[in-house]
Amino acid sequence: MSRRNRSFHAQSPLEVTEQLATNLQCGLTQAEAERRLAVHGPNRLPEEPPDPAWLRLLRQFHNPLIYVLLVAGILTAYLGHWIDAAVIFAVVIVSAVLGALQEGKAQRALAAVKSMLAQTAVVIRDGRRRQIAAEELVPGDLVFLESGMVVPADLRLVAARRLAVDEAVLTGESLPVEKDPEPVDEAAPLAERRCMAYSGTTVVRGQGLGVVVATGGDSELGRIGKLVASVSRLETPLTRRLTRFAQGAAAVIVGVSALLFAWAYWGLGQPLDEIFLAVVGIAVAAIPEGLPAIVTIILAIGGQRLAQHQAIVRRLPAVETLGSVTVICTDKTGTLTRNQLTVTSVLLPHDSVEVSGSGYEPTGAFLRDGRPRLPESVRGLVRLARASLLCNDAALHADAEGHWHGEGDPLEVALMSMALKAGLDPERERRCWPRVDLIPFEPERRWMATLNRDHHGNHVIFLKGAPEVVLAHCYSDADGQPLDMAGWGERLMREAAKGRRMIALAWKRLSSPKEALSLEDVNGGFALLGVVGLEDPPRPEAKEAIRECHEAGIRVLMITGDHPVTAQAIGQMLGLRAEAPLTGVEIERLDDAALGARIAETDVVARAAPEHKLRLVRVLQGQGHIVAMTGDGANDAPALQAADIGVAMGKRGTDAARQASAMVLADDNFATIAQAVRWGRVAYDNIKKALLFVLPTNVAQALVVAIALAAGWSLPISATQILWVNLVTAVTLAIAVAFEMPEPDVMQRPPRPPVEPLVTGAMAWRVVFIGVLICLLSYGAYGISLVRELGEDFARTAATHTLVCAEVMYLFNCRRFVASGWSREVLRGNPALWPVIGVLALLQLAFVYAPPLQLLFRTAALDAFAWAYALAGALAAFAVVEVEKAVLRRMGRVAL
């Protein structure tokens with residue numbers, strides 16, 4: 001009886017009840033329900049146990065550079081250099097613990113989907129109506145639905161009275177779906193299966209009775225949960241680049257070390273212990289031990305900056321990933337739009353106006369030819385607004401913070417907002433026009449009517465409903481002129497082409513008072529007041545945000561469950577290519593190659609189911625794109641999980657969407673995406689600047705040791721001094737780079753190619769170029785000190801100090817990739833720059849002159865000549881780099 005093999009929406013209620021062996025009067029017996037519960041299991045979603053903490057910790061050691069460091073640490077300990085070994089192991093362990101803690105915050109999307117399930121259900125069992133725990137539901141149970149309920153399982157409706165269900169969390173459809181027990185075509189997409197009510201959706205109004213056809217993991221919500229669980233989270237572009245960098249660096253370090261070992265042992269005949277120590281020194285010098293900490297700090301600062309712009313980061317690598325995206329796949333409802341119906345046009349018998357404003361907030365104007373008009377000056381507008389207010393059961397009010405909230409049918413809330421924009425006071429109007437009776441909306445009739453009494457005691461019937469139905473009940477317009485049916489047909493077609501939903505309003509004065517309203521009273525004789533057009537309009541800032549994304553070379557793809565006409569209209573408003581929207585039916589029919597070609601032709605996808613969104617993300621990724629997916633519903637969770645970065649809405653988003661995402665927009669504002677992209681690019685720029693700063697130091701130190709080993713000399717810088725430079729000076733200075741502000745052209749550059757390495761050719765050139773320069777300066781300080789016969793400790797201290805001074809000056813070079821470092825702006829604009837330099841100066845003075853550190857690192861106090869050489873060499877290195885940058889600018893290069 002699993003739903004998976006049955007098309008219940010295409011079967012009649014009688015066929016469904018026979019197939020599920022249930023009774024529409026008595027329901028299941030308790031004994032049969034217990035038997036089925038044993039077969040199908042509880043009505044809840046399955047959960048996968050999380051990885052234990054020890055496994056997450058072990059995974060952090062799976063990194064080529066970590067392997068090299070571990071081997072270096074073991075060899076260092078074997079040779080009895082316990083301080084060096086302890087520092088190496090400490091760096092490895094701290095890095096692993098930080099990674100495990102970050103992974104421990106991994107997504108809980110499946111549990112969040114589970115939380116959407118209803119807790120209780122009202123059923124018929126043994127012929128009696130009773131309330132049970134929703135987990136006890138089984139296929140064949142008869143379930144009652146009422147306004148405000150969460151549907152507890154997938155139901156095939158057998159009865160419905162004014163039943164409307166909000167299915168946005170599953171389909172993305174912005175309007176509640178009117179339900180009808182009549183079967184639909186077997187090929188109908190989920191959004192058009194009006195005879196079904198799905199688990200996790202919400203009843204907006206009316207009542208219904210349905211037969212449970214699927215529970216737990218077999219439900220549509222369960223299917224989404226399985227999709228989420230089956231999607232493995234991809235590595236981010238940054239982690240992929242860092243992995244490739246680590247693999248390449250490890251290979252080079254191991255290769256060079258092996259060659260130097262062979263040369264020193266067999267070529268020069270040096271002692272094995274000394275060779276091992278030198279080779280470990282090369283490994284320690286070449287590996288940027290502080291890089292993981294620096295990257296984490298940069299991403300954390302980026303996360304703080306994003307939080308200031310209402311973007312909350314759940315996983316640190318997401319900070320950089322948004323700066324890498326080439327395509328943003330965004331849901332429409334609640335993301336590009338506000339998920340609040342709004343009256344956007346009013347067609348009157350002899351006039352028409354547009355209505356400004358967005359959402360339920362009753363602020364806006366009535367416009368003719370783009371110019372505001374007073375409601376009283378538009379013939380018939382106030383009369384139509386009054387009818388929309390009185391033939392209405394919704395409520396609209398503002399909370400203490402000034403945010404407007406509607407209660408009732410969203411369509412009626414939108415009409416109430418329009419009436420307030422027209423200057424009407426609901427309480428006063430209802431006092432002056434008290435309601436006597438009403439005939440509620442029924443899907444089969446498609447209209448609602450109220451009987452009201454005016455202040456003269458006369459009775460009036462207001463009629464509201466589908467235009468074609470209301471027009472059929474009208475003989476004239478509100479001014480007594482005969483209806484031009486052909487003209488109205490053309491006007492309605494133009495509105496429909498804009499993707500608007502239309503509601504007509506009419507009225508009829510009665511010749512004598514009545515105390516009750518009958519169907520016969522509504523059968524003809526009405527005067528048409530007009531037709532209002534409603535839509536879920538784009539957020540005002542969304543179009544500008546999309547334009548910014550386009551300028552940054554990022555494609556925006558709107559994926560929605562809405563009808564193609566609606567999707568096309570919204571897409572055109574937003575500036576997207578929407579002439580030929582792709583549909584879910586096409587997605588199912590096309591193979592991946594054809595789908596990739598088809599999606600290149602349009603920016604709009606309509607009638608998309610969760611598996612369609614997931615497939616689109618994977619097809620785009622297969623084309624080499626870095627894909628961001630935004631969304632707010634449970635139906636978005638699988639695609640949010642599969643995308644390179646998932647971005648959920650914080651206010652209107654479901655827990656399922658938030659937990660599947662890497663970033664949450666606290667203000668539900670798509671425009672925040674543009675700011676997030678900006679700061680994501682800044683974070684990546686700062687990581688590259690940190691590499692530009694750290695790697696030359698590593699290259700310089702490795703060259704110093706390698707040259708000494710190859711030549712059979714003593715080391716100009718000891719292993720402990722190398723660790724001092726790597727973990728104290730280099731990391732300290734690199735922290736300043738994390739606070740760098742955006743370069744001027746950060747949002748004018750195209751996205752980085754997904755295959756671009758972390759260290760580009762231009763960067764590699766500068767790293768080697770500066771590394772060689774600093775190495776030569778350090779050797780100069782070492783050699784001059786030996787010539788001056790000041791001793792080995794003094795010479796090594798001078799070499800290390802020269803290297804540190806060169807780093808400080810090189811930091812100013814690194815603040816801009818290619819732009820000049822001579823400007824005043826390079827000396828300002830970074831709040832961390834001078835404090836960090838000050839801290840380093842104190843540390844370096846202690847390194848040179850403090851007796852405890854002199855004892856630990858075997859340093860000696862430097863004289864004035866050594867200081868002068870170090871500062872002059874640093875200034876010379878700064879000038880050389882600025883000359884190189886000037887050459888690059890003349891070549892037209894703007895970034896590395």
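This is a dialogue about a predicted model and the terms used to describe it.

Reader: What kind of model is this, and which limits apply?
Author: The model is predicted: local features need pLDDT of at least 70, side-chain atom pairs count only at pLDDT 80 or more, and totals for chains, interfaces and linings use all residues. Residues are numbered from 1 along each chain as its sequence is written, and side-chain values use heavy atoms, without hydrogens and water.

Reader: How many helices and strands are there in the protein chain?
Author: The protein chain has 32 helices and 27 strands. Both are DSSP runs, numbered from the N terminus: helices are H or I with at least four residues, strands E with at least two.

Reader: Why is V355 called buried?
Author: Buried means under 20% relative accessible area, exposed over 50%, and partly exposed in between, with a 1.4 Å probe and protein chains only. V355 has 7% relative accessibility, so it counts as buried. Its place is in strand β11 (residues 351-355). Buried residues make up 57% of the 896 residues in the protein chain.

Reader: What is V355 in contact with, leaving aside its neighbours within four places in sequence?
Author: Contact means heavy atoms within 4.5 Å. On that basis V355 touches V343, T344, S345, V346, A365, F366 and K421. V355 and M418 are 63 residues apart in sequence, and their C-alpha atoms are 8.2 Å apart in space.

Reader: Why are α14 and α15 called oblique?
Author: Start with the angle. Helix α14 (residues 381-390) and helix α15 (residues 410-421) have axes that cross at roughly 140° and come within 8 Å. The contact involves L384, A385, S388 and L389 of α14, with L415, M416, M418 and A419 of α15. Axes are lines fitted to C-alpha atoms, for helices over the stretch in contact, and angles run from 0 to 180 degrees between N-to-C directions. Under 35 degrees counts as roughly parallel, over 145 as roughly antiparallel, 65 to 115 as roughly perpendicular, and the rest as oblique. α14 and α15 are therefore oblique to each other.

Reader: Which hand does the crossing of α14 and α15 have?
Author: The crossing is left-handed. That term applies if the near helix is turned anticlockwise from the far one by less than a right angle; clockwise gives right-handed.

Reader: What is the strand order in the open sheet of eight strands?
Author: The order is β8-β27-β26-β25-β9-β22-β24-β23, with mixed pairing. β8 (311-313) and β23 (582-583) stand at the edges with a single partner strand each, so one side of each has no neighbour in the sheet.

Reader: What makes two strands a pair?
Author: DSSP must find at least two bridges between them. Two bridges join β22 to strand β24 (residues 604-606), running parallel. There, I559 has V605 as its bridge partner. β9 and β22 are joined by five bridges, also parallel. β9 and β25 pair in the parallel sense over four bridges, with C329 partnered by M629.

Reader: How do you know that β25 is mostly covered?
Author: Five of its five residues are buried. V627, M629 and G631 point one way and A628 and T630 the other. For strand β22 (residues 555-559), four of the five residues are buried, so β22 is largely enclosed by the rest of the structure.

Reader: Which helix lies across β27?
Author: Helix α26 (residues 671-711) does, running at about 140° to β27. Helix α26 also lies across β8, β9 (327-331), β25 (627-631) and β26.
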